[in-house]
Amino acid sequence: MLSFLIFLPIPIMLVMALLPGKANGLHRWLALGAVVGQLMLVLGGVMLSFWTESLFSDPNHFFLVEKYDWIQADMGSFGRLHIDYHLGIDGMALVLVLLTALVNVFAVISSWNIKQNPRAYFMLFLLLDLSLFGVFCALDFFLFYLFFELMLLPMFFLIGLWGGARREYAAIKFFIYTLLGSVFMLLVMIGLSLSFLDPVASEAFGKSVHTFNMRHMWEMTENGILVNVVSGSVFSMEGTVLGQNGRMVAFVLLFIAFAIKIPAVPVHTWLPDAHVEAPTPISVVLAGVLLKVGGYGLIRICYGIFPEAMVHFSWWIGLVGLVSVIYGALVAMAQTDLKALVAYSSVSHMGYVLLGIASLEVIGIHGAIFQLFTHGLISSMLFLIVGVLYDRVHDRQIANFRGLWSKMPRYSFFVLIAFFASLGLPGFCAFVSELMVFMGAFTSESYSGGIPRWMAMAATLGILLGAVYYLRTYRRMFFGRFDELEVSASWSEKLTDLNTREYLLLVPLAILIVLFGLFPSLIVDLIGVGR
Amino acid sequence: MPLIIGLLPFLLLGVIAVVGKNFADKGGKLAIGGLALGVMLSSYQFTLLGEQALIWETSWLEVGEINLTVGWQVDTLTGLMCVLIYGISLLVFVFSLAYMKGDPYLVRYWMYLCLFVGAMLGIVLSNNLLQVFVFWELVGFSSYLLIGFWFEKDAPARASQQAFLVNRVGDIGFLLGIFATWLLFGELNISELGSAKASFDRMSEAWLPACGVLLFLGCIGKSAQFPLQLWLPDAMEGPTPVSSLIHAATMVAAGVYLLARISVIMTTEVLTVVAVVGTLTAFMAAIAATVQWDIKRVLAYSTISQLGYMVMGIGVGAYEMALFHLFTHAFFKCALFLAAGAVIHQLHAAGHEADPQDLRNMGGLRQSMSRTFACYLPPALALAGLPLLSGFLSKDGILLGAVDWAEANGGMLAWLVPMAGFITAGLTAYYVGRHAWLIFGGKLRTPAWAGKISDAPIIMLGPIFILAVFSLWLPWSWNPLDGSSGWFIELIGLSEPAHSDNHWWVGGVSVLLSLGGIAWASLRFRQAAQKFDAPQNGFRQLAFTHFFQKEMYQYAFVKPVLWVKEILAWFDRRIVDGVVNGIAFITVNKHWPYSSLSLVAARFDAVVIDGVVNGIAKSAASMGRRLRHMQSGYLQAYLGIAIFVLLIIMLIFNLFLPNP
């Protein structure tokens, strides 16, 4: 089922490639068919079988597992190296798969008017879509890495070819930054495969079989002793690298890799550039799903494989999260471009994810995962909203707009929802996720000792600053008289209210944001299942 | 039942949003009908209430061992609050029908008001603090929308933003207080807090008072107490019925209501802080109210001052009296605001020659608006605290509580609280007298309006009249001089009614002070003609700006934040990103000697890697064309670095191999 979900775009991409480039509108219908098909599959197939499996079997494992031998190499005296094609999801992954399926549908609909070479655009988009699903389903580190790298390629071209004025700079910056993270990950991955053995295969072959299977990597006894580790290897508990504990070094390297993706301050500067230059739908995917890979990896891989290092570094991770929250919010406040403001607000909101994880509390980590989901929805909506204005007048400067409420009342209403949802008003889903994160962070000192209480208290400054930049922006753009500024008044003809396609995007998003705000357990109950 | 009562306004909101625009009044009568139903339902619910509170809850979010619930709790106080909220909202809605007639955004107006009513009911019905917080913020949101209702003007837009932000400061304190309560008491249910005992396994003992202060911070924000009271006077930029309902009668009282609910977990020190903050607020705002020229700002400062009384009442332990004052104040202040609204509305209709909100332009309206004057007088005197009116009963009770508290605590400092309370009573009477004389007394000071002013229509006067009736003593207590024997205290009274020996002299002094205040105002403003351009002395300036509070905050918080954000944005662009770009520059700059390695790599790259890239690119024809437009030299160089880094890493990788 998961393979089918992931590789569903492949035949559609083939069909697209065979079609003439000028087949008007056909490419987008095909792409829409692919993503809607995936959404249906997630809702009807994956979630249903997830549910039945969780009812009838031991809930503490992965669901919908597919495992096949893939690459097996004999390395002589060193042993064997096995790479499996190994997929499976638990609740956390399911939540993110659902998010991906949802956001991609919105992204395709908002790509409807791509004029320039739609065939290449939608093919690249589907490639991106494929790799995103793959990342969340992979259980083999090698496979994960492959999908992780695969995201890079289409993203690079989508920003670099369909982006704004400084697209090349932004695309290259995005590429190099992420590549740096990937290099670190590659390093750790190879070390891990050298340090861990597949117990079943080792017995079958009668020699040590090195594996990339993550499930073998995080298998521990109740006393915290790794089961499948090669004693004395780099990433065993005693292993060292350059005189340091190898596991700690590996954790830091992986953390940097994922912190770039999240992105956390100070490795965040690719994000505003990438967002500002990327076309609207790509910004939606970037903020809605791509950033989530960072948070996912941090929990699944950093915390999963190196739990004791996570405990060791939780204070620092909490600090990085706190700095991201406040720094991101303050810099967002200074932005003149609406899209850059939303981009920095992403930095700020993803800081809560780090804070929640660092709390090491159940509710904090659940909150972090839920925050990934809620931020995915809300940031998608925010970027779509920016796109509505940009489509009409090709301008995003906050100072150039005034009194839009009287000009575009329906649009203003949805902006109001998105802004207040993002600043954490109760009733919208971000409130619940941030509340959970704060609860975890605040109680952490009393229970797990992940982060001190002052961090939670200082981070609440983020919700105040968030309100400051959103309200200031709203007042400046939507309040006041429309004809107050010459610039905006001259756009009177162009600034029409929402059209049907935009309704189709904003209405479902608004409904989802409210739905999960009122009934968060719909998602949160899933998170804890499995693994 | 409580569910229907709580959800009814949200239902109305939905209905009006869908069908409201089809009506001439944009759904106003629909809303009024719904609220009338609400009044009936909540009154019926009230009659059902017995000794035992109605409590219901269900799980909302379960994570690990934490189970957050939603539910309601209806006891006598809640039941009364529901009736009060529905009742006053109904009157204000009826008033709005005339006041807001013809506004282009009328549908929105009804929707926002319904949202407010629903959120306010949510606060009183909720049985756990977290749920209170949810509605607490929603009330703030509806207040934001309504203050900024006339969004095309700059002042309301700014005022709404300020109100939301200042409230959020308080809300954050409240939220942290909730977390602390949860850790200390292991309980968030309001009904259980009374019996919960603090344990200090999870938090140190110092957190117990801190928790109280943090929770109080929420109340400080919402009920406009020192030091967060600055938003309320500016909130008067909203439509007057809104000021009346939200910023005088109900929402701002939410803080006091909550404080009364949670005062059980507050330590003595915290209650002292509460009392002092309340007293300070009451005193400062009363001084500011004496010099304002805007008809609504006088009332706004007066509201702050009266809320200060209530908070002081809770701080000194006169908790029933504080709630009593909450109820009486809701009626007489609402009436005063609506009367002020009627005046503004009629003056606005008389012509645009002068500002219809400036007291200096009014005068002599008792002749042309005699019925409005008749409805204005009882609530005004109730605010001044004269006997035979409701305000006297409750304010007297709070002052008495303060005196008893000071007596019990001993010490000269403790007496400052009741002392300031008494002075405030005198000041209150003074500014009420000034307000009344400037509007209704003397002669009209704007000649252009002469003869054009008519009395308010009956649809406006009706609600004011009903509210004015509730400003008399009779609806509250048979005894016009003693509130503690009234039905209200009997109903909600949890402790034994205090029979203090101080009662008679406290009442006497406050009556004397009130009379004195009114007399002084009468002397000063009886003959007030056009002589208001009196030199602005220091005190007047200080009082008019409410002790320069806004200016101080501007310099202490707003400016620094605006400054820091610019610095950080610069830092982000130049330093953080500068380092990144710098590294890129150094490694790809052809003249930099150390970058030769990258050049070598780049050569290799230009042949092999670029060939592959171009190969891919060719498959999508135009993509390749565009690629050539890209600064491919840089791309190669960057890829060169990447390969270089990889080489180094592969060297390091050798270190990882276990020794054979």
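View 1. The model is predicted: local features need pLDDT of at least 70 and side-chain atom pairs count only at pLDDT 80 or more, whereas totals for chains, interfaces and linings use all residues. Residues are numbered from 1 along each chain as its sequence is written, and chains are lettered from A and ligands numbered from 1 in the order in which they are written. The C-alpha trace of chain A spans about 80 × 60 × 45 Å along its principal axes. Chain A holds 22 helices and 5 strands; these are DSSP runs numbered from the N terminus, with at least four residues for helices (H or I) and at least two for strands (E). Of the 531 residues in chain A, 63% are buried, that is, 20 or more other C-beta atoms, placed from the backbone, lie within 10 Å of their own. Among contacts in chain A (C-beta atoms within 7 Å) between residues at least 6 apart in sequence, 77% join residues at least 24 apart.

**View 2. The open sheet of chain A.** In chain A, 3 strands form an open sheet of mixed pairing in the order E1-E2-E3, where pairing requires at least two DSSP bridges between two strands. Strand E1 (63-74) and strand E3 (209-211) of chain A are the edge strands, each pairing on one side only. From one strand to the next, the twist averages 25°, with axes fitted to C-alpha atoms and angles running from 0 to 180 degrees between N-to-C directions. E1(A) pairs with strand E2 (residues 80-89) of chain A in the antiparallel sense over 9 bridges. Opposite A:Ala73 stands A:Leu81 of E2(A).

**View 3. The hairpin of chain B.** Strand E1 (residues 54-63) and strand E2 (residues 66-74) of chain B run antiparallel and are joined by 9 bridges. B:Trp56 has B:Trp72 in E2(B) as its bridge partner. Between the strands of this hairpin are 2 residues, and B:Gly64 takes a positive phi near 55°.

**View 4. B:Val558 in its helix.** Helix H23 (residues 549-588) of chain B contains B:Val558. B:Val558 is classed as partly exposed because 14 other C-beta atoms lie within 10 Å, a count between the limits of 12 or fewer for exposed and 20 or more for buried. From B:Arg371, B:Val558 is 187 residues apart in sequence and 46 Å apart in space, C-alpha to C-alpha.

Note on methods
Two residues are in contact if their C-beta atoms, placed from the backbone, lie within 7 Å.
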